[in-house]
Amino acid sequence: MRRLLAFLLVTALVVAGAVWLADRPGEVTVHWQGWRLDTTVPVLLAALVGLLVLLAAVGRLARLILGAPGRFLDSRRADRTRKGYVALSDGLAAVASGDSRAAVKLARKADKLLQDSSVTGLLTVQAAQMTGDVEQLRARYQAMTERPETAFLGLKGLLDLALKQGERTAARDLAGRALLVQPGADGLAATLFDLQLESGQLVEAELTLSVARRHAALPAAELARRRALVLFARAEAAQGAGDDDAALSLALDSRDARPDFVPAVALAAELYRRKGKERKAASLLEAAFRVAPHPELVAEWAALGETDTPLERVKRMQRLVAANSAAPDGHLALAEAALDAKLWGQARTHLDTALAQRPSPRGLSLLARLERADRHDEAAALAWLAKIGEVGPEPAWTCGACGRDAPAFTVCCPACAAPGRMEWK
């Protein structure tokens, strides 16, 4: 409706103008280079309009002629782009179907036609992955790092390559750069933390955990476990440097991060004992034994009474067992102390309890010792020893990566150097 009204209005104005000029034709005389032209105003205006129309037509024709090469080039470019995207689409389909040969061929064709690695990079990377072309992968990932939109993908790809090639130093640098680009990326903070812990960059590993906590990149329990681990590593380093005060503070911080982290508790108790603070050591060990009974805690508890008589040691062990009567290691330690004190009945009671809770070679060996000492029954002793093969081995610190046992807890596996994988089992 608005367009119709506008058209009618313009038409009315044109008609009115034409009528007005017809009623007032006037005269126009033009002198130019000896020429004289006499005409009326309407005729002059009509001539000017015709001239303008002619000039417009000539200009359009000139543009058509002069623009023909450009249009031809644009048409070729559009055709190349269309073919490039067809090759790109077909290449992705080949990747999805597992046809590596077709994927490589189509990736090269798309790359040649489109000449834009930001568009064809993903297809080329996937094709190179299928064929195992490491150098092609590395070059493509490196190119991706140059664009902000694909920088993280490029860094992550280079990181994975470095890890596969065993280039740990390069991997650590790439993981750090990737974390700056995308701090909340799944698994990235954990990878960087492991690489830093493995290389002894303990302060940097703590900073990585701080970034992971701010961006919720790791679950709370995993953050606590890793923080306890790096603080324990720093405590060991301080102890090795002769700074027992710093070592004790760090060991306690490690225990606070994860109260059931036995190595940190045992180290803190040892440092307290060296300082002559047996009560604090005992309180620490007793609290830990309630939630995480462990032979290392029992050993540190026993070390608090190095000058104890056999009966005093029995009383000391009774106090530890009272803290957690469901722990077989406590009953074994009390049974051994009772054997040393020649309290045969008490020793047998606690050995029976320990073996009922968890059969173990150590418990059977103590039973054999008890049979010899109490009843002088060699046959019974040998019978108990013969059963050792029927029970599983004693628990030990075992690497979750390579499966090898270690005599003591270490931050990194002594066999394969995997960080944070030692488990008590």
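1. A definition to begin with: two strands count as paired if DSSP finds at least two bridges between them. Please keep in mind that this is a predicted model. Strand E3, residues 397–399, and E4 pair over two bridges, in the antiparallel sense. Within this part of the sheet, Thr398 stands opposite Asp405 in E4.

2. In what order do the three strands of the open sheet run? The order is E4-E3-E5, and the pairing is antiparallel. Strand E4 (405–406) and strand E5 (422–424) are the edge strands, each pairing on one side only.

3. Now to the backbone angles. Most residues other than glycine have a negative phi. Lys342 has a positive phi, near 65°, and is a residue other than glycine. You will find Lys342 in the loop between helix H17 (328–340) and helix H18 (344–357). Is Lys342 buried or exposed? Its relative accessible area is 62%, so Lys342 is exposed, the cut-off being over 50%.

4. Where does His376 lie? The place is the loop between helix H19 (361–375) and helix H20 (378–386). His376 counts as exposed because its relative accessibility is 68%, judged by that cut-off of over 50%.

Technical notes: Residues numbered from 1 in each chain as written. Predicted model: local features only at pLDDT ≥ 70, side-chain atom pairs only at ≥ 80, totals over all residues. Heavy atoms only, no water. Helix = DSSP H or I, 4+ residues; strand = E, 2+ residues; numbered from the N terminus. Buried < 20%, exposed > 50% of the residue type's maximum accessible area, 1.4 Å probe, protein only.
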